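Hi,

Here is the structure I promised to pass on.

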2 protein chains.
Amino acid sequence: MEKQDQLLMKKQNKNLVLDIIKNKSPISRTEVAKVTGMSPTSITRIVSELHSQGFVRETELVTSGVGRKATLLDVCRDVLYTIGVEIDKLIIKIGIVDYVGEMAAWLSIPRDEAESYDETLMKVNRGMRDLIEKHQLPFEKIIGIGVGLPGSIDYMNGLVKVSDQLKWKHARLADDLKRLTGFDVIIDNELKMKVIAENFKGMARDSQNAVLVGIGSGIGAAIILNGEIYRGDSNNAGEIGHTVIDPTGNVCNCGKIGCLATYISEGAIIADSKKIKNIQSIDEVFAAYRKRDSWAINIMDRTTTYIALALSNILCLYNPEVIILSGDTIEKLPELKGEIERKCELYIWEPIKDTLKVVYSGLSNQGVVLGAALQVQNSLLDLD
Amino acid sequence: MEKQDQLLMKKQNKNLVLDIIKNKSPISRTEVAKVTGMSPTSITRIVSELHSQGFVRETELVTSGVGRKATLLDVCRDVLYTIGVEIDKLIIKIGIVDYVGEMAAWLSIPRDEAESYDETLMKVNRGMRDLIEKHQLPFEKIIGIGVGLPGSIDYMNGLVKVSDQLKWKHARLADDLKRLTGFDVIIDNELKMKVIAENFKGMARDSQNAVLVGIGSGIGAAIILNGEIYRGDSNNAGEIGHTVIDPTGNVCNCGKIGCLATYISEGAIIADSKKIKNIQSIDEVFAAYRKRDSWAINIMDRTTTYIALALSNILCLYNPEVIILSGDTIEKLPELKGEIERKCELYIWEPIKDTLKVVYSGLSNQGVVLGAALQVQNSLLDLD
């Protein structure tokens, strides 16, 4: 076998062993050998390397029954850290995540809708430095920053093509933030970052095949296929908001007729509400719904119908194990959940109705930050 | 490195070398070494094994310019054969395909709509044996049969759950055909088989990411993601016919309102045509369309609108490199192509309009058979 093939194989084996220790710890060397099918000799050599690199430590545990002490392996959660950032219209969230995906530090800072791109970046830098200092985290162990934000993102070039919510256009966010902070930076759409977190420890844990649907100022979907983000040919997969759901329906600001977004997005709900009352914000609509104002109930009834239809269409096309619903609309008005479920009963195609599992994100507040931090590990950690 | 790891690696390397010779032949050993990154010694050893197993042969070629003769490698196309079968309502097609995916023999037999399951299977067996005999193909080189048919197929267990077109239900097709023919049998939905062929040598050649849309008695989609068929969690991915496109629209026989199939499928077109005229078949509708009968033009106009909307929705969700349109409707009435394209101009979401590539299957007559035969190679060929 060739030298370079052997090196690649060695690296793959090392990654495999580390993954197993990370996911099944505490675990004995014998058990690792059994799971991987590698020899005890190979395992001992690899573990010793991982130990000297700081990834793995030994723990001692009394085995039940026999009373003989067995040496078990665990990963060192503090071997490295990654920083996750969520930038939204009115808030910036920053989290520092350790090697096993636990939040070691957390901070959220208000953002002013009117503040400039540079101001926001400076806030991120300052917040991050405050956090590192406050929690006395060693700088050299931080391998990079991941940022999740709303909008159309060219993740490969670290470019924000356009973010209506943040009013940014053609911003070289990854480069600019790297210059400011000194860290490597990756960026992506917030839903894509969030689905990484859902796949790691949320409702899509270890799922090969899951769809995260976000409903709020827009409606979009992030998709996990074969355990990875599915992006499509030009990173536009999951643009459910512009699927046509009624060809004789509402005009969409994209120029088409009957896009799903025109029935579900906050902007569409507010625009229709204004026909009845001088409504300024989605919160006022939700308040009217809670007061049982019939116009608000009618509008939200239509919204839940279209949400159920959207879930049905996603199910027909992607046939995922699980659909995770998230976003401001569901979080601010959780009463909608029951409605959506009742309508799913009606609108899901019979032959696959049983396979449908609609759940709600349990990571809502920290999901984007956690996913962004985890994605830094996935993208930037190279185990020699 | 462990023994079993080495064996696996050896097998992978052998497959890699064979793939490269298959795809880039004629090719020199030096070139194979360069492409794979393996050493000339390894390549010589692997090629020698492949040679003795009958997969690879040497050819001689004069290199241009220098005049020195170089030994090049090619695969032996007759090292093995696979049989592809398409069973449709009124026709059975059988093809024998060689190792490089060329059709070595071809036969089509009429099928009677009223004929029984057993009669159809006997026709397949007889047709296959006639073909083998006529072309004097060696039995021992045939590694199996692949069957593509319309309906809901449990490909893993070789079971036809239901095929409305063939009027089959709960048929253990793979087992029954194996008993009859003596060959191993795999089965799958016809569109899934066809997309394999499109991916191999058709309009989605080498595409990582393609969708084949079939429009005829039903409407469905088969999806290639990362170079493989994407099935979803319960093999229902691509059920575009039951996505809702108009919640206040037509009642579908599935019990929902506004499914895409109710605007596009032959049955739907015929049912609506009957409101005007005593129409019995789709051919009569198409004839009326060609005679410019206004009712037929109106109905088909609605059909092309919904086809374009369906393509738009597929594009938004899957964002494929290419969408291939196929099926009876397009084949029998190719005049629709222009209409569909004009409507796509209107209905495709602006930001991804440029990425859309709608093409038409060029394999229509042999696509399912070829794909089924290729899938036998993919599934049953194990290179020791």
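**Salt bridges and overall shape**

Lys14(A), Arg45(A) and Glu49(A) are linked in a network of salt bridges. A salt bridge here is a side-chain nitrogen of Lys or Arg within 4 Å of a carboxyl oxygen of Asp or Glu. Side chains of opposite charge can pair when their charged atoms come close.

Before you go on, a word on the source: this is a predicted model, where local features need pLDDT of at least 70 and side-chain atom pairs count only at pLDDT 80 or more, while totals for chains, interfaces and linings use all residues. Residues are numbered from 1 along each chain as its sequence is written, chains are lettered from A and ligands numbered from 1 in the order in which they are written, and side-chain values use heavy atoms, leaving out hydrogens and water.

Searching the whole structure gives 44 salt bridges over all chains. Here are some pairs to look up.

- Lys275(A) pairs with Asp272(A), with the closest N and O atoms 2.8 Å apart. Lys275(A) is exposed at 68% relative accessible area, whereas Asp272(A) is buried at 16%. (Buried means under 20% relative accessible area, exposed over 50%, and partly exposed in between, using a 1.4 Å probe and protein chains only.)
- Arg290(A) forms a salt bridge with Glu335(A), and their closest N and O atoms are 2.6 Å apart. Arg290(A) sits in helix α9 (residues 282–290) and Glu335(A) in the loop between α11 (328–332) and α12 (336–347), so the pair ties together parts that are 45 residues apart in sequence. Arg290(A) is partly exposed at 46%, and Glu335(A) is partly exposed at 37%.
- Lys343(A) bridges to Asp301(A), again with a closest N and O distance of 2.6 Å. This pair links distant parts of the chain, 42 residues apart: Lys343(A) is in helix α12 and Asp301(A) in helix α10 (residues 294–318). Lys343(A) is buried at 9%, but Asp301(A) is partly exposed at 35%.

Now zoom out. Chain A has 14 helices and 15 strands; these are DSSP runs numbered from the N terminus, with helices being H or I of at least four residues and strands E of at least two. The C-alpha trace of chain A spans about 75 × 50 × 45 Å along its principal axes. Of its 384 residues, 55% count as buried.

How far apart in sequence are the residues in contact (heavy atoms within 4.5 Å)? Among contacts in chain A between residues at least 6 apart, 60% join residues at least 24 apart.

Cheers

Methods:
Contact means heavy atoms within 4.5 Å.
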